[in-house]
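Here are my notes on the ligand site. Please read them with the model open.

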Amino acid sequence: MANISKFKQLVQSINKSSTIILIGFMGSGKTTMGEKLAKKLNYKFLDTDKEIENLIGMSIAQIFESKGEKYFRTIEKQFLRNLDVSNTVIATGGGLPCFNNNIDYLNQIGITVYLKYSAEDLYERLKSETEKRPIIAGKSNEELLLFIKELLYTRKAYYEKAQQIY
Ligand code: S3P
């Protein structure tokens, strides 16, 4: 797991009412790192997936299964546009920046930080947790690596619009 000292430059660039937004692929540690950063900065912490689960009253997996991904992406967009974001570290769902111009919106409301990992590293981090995540559930190891490579390739352009990359 990435060490928080890695974010020294980020922590120094923060002023009192900043909003820090962590983006990146599933398994890149957005929630873990977000919680640590929020504690260090004495900020609130918010995880978009958790908030959406509470709002809808279903797990992300259930939302995907019963309502579909398109519905989930609409909720993500609406949720994001209605957030009060001052003094907050936000961990976003892995796909959030890649839909509905969300990355441009995120860049307007805060400091975006991409937690960047190679497809191979993400595979190592994700291979034992596929069942928790609907878009990789049921994949064999071989399918998973290929899937990560392809999805990372299509998402890279969105992630790399972040203001800081670690
Ligand atoms: C998704 C990532 C998940 C969650 C949903 C879809 C994606 O979030 O939002 O399962 O499209 O990459 P995490 O990155 O927190 O796992």
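**Notes on the ligand site**

1. Start with Lys30. One of its polar side-chain atoms lies 2.6 Å from an oxygen atom of the ligand. Bear in mind that this is a predicted model.

2. Arg155 also reaches the ligand through its side chain. An N or O atom there is 2.7 Å from a ligand oxygen atom. With Gly94 the backbone takes part instead: one of its N or O atoms lies 2.9 Å from an oxygen atom of the ligand.

3. How much of the ligand's accessible area does the protein cover? On its own the ligand has 390 Å², and the protein covers 93% of that.

4. The shell around the ligand holds 14 residues. Those that come nearest are Lys30, Asp49, Arg73, Gly94 and Arg155. By class, the shell divides into six nonpolar, three polar and five charged residues.

5. Where does the ligand sit? The space it takes is the largest pocket. Two elements give two or more residues each to the ligand shell: α4 (60-67) and α5 (69-81).

6. Now the pocket itself. The largest pocket contains about 750 Å³ of space. Its lining counts 32 residues. Nearest its centre lie Met26, Thr31, Asp49, Lys132 and Arg133.

7. Which elements give two or more residues to the lining of the largest pocket? They are α2 (30-41), α3 (48-56), α4 and α5. The lining splits into ten nonpolar, ten polar and twelve charged residues.

Methods
Residues are numbered from 1 along each chain as its sequence is written. This is a predicted model: local features need pLDDT of at least 70, side-chain atom pairs count only at pLDDT 80 or more; totals for chains, interfaces and linings use all residues. Side-chain values use heavy atoms; hydrogens and water are left out. A residue is near a molecule or strand if one of its heavy atoms lies within 4 Å of it. A polar contact is a pair of N or O atoms within 3.5 Å; within protein, one must be able to donate a hydrogen and the other to accept it, and residues adjacent in sequence count only if both atoms are side-chain atoms. Accessible areas come from the Shrake-Rupley method with a 1.4 Å probe; for residues, only the protein chains shown count as cover. On a 1 Å grid over the protein atoms alone, a cavity is a set of points where a 1.4 Å probe fits but cannot get out, and a pocket is an open set with protein on both sides within 12 Å along at least five of seven lines; lining residues have an atom within 4 Å of a point. A molecule sits in a cavity or pocket if more than half of its atoms lie within 2 Å of its grid points. Helices (H or I, at least four residues) and strands (E, at least two) are DSSP runs, numbered from the N terminus. Ala, Val, Leu, Ile, Met, Phe, Trp, Tyr, Cys and Pro count as nonpolar, Asp, Glu, Lys and Arg as charged, and the others, Gly among them, as polar. Grid points are joined across faces, edges and corners, and a volume is the space filled by probe spheres set on the points.
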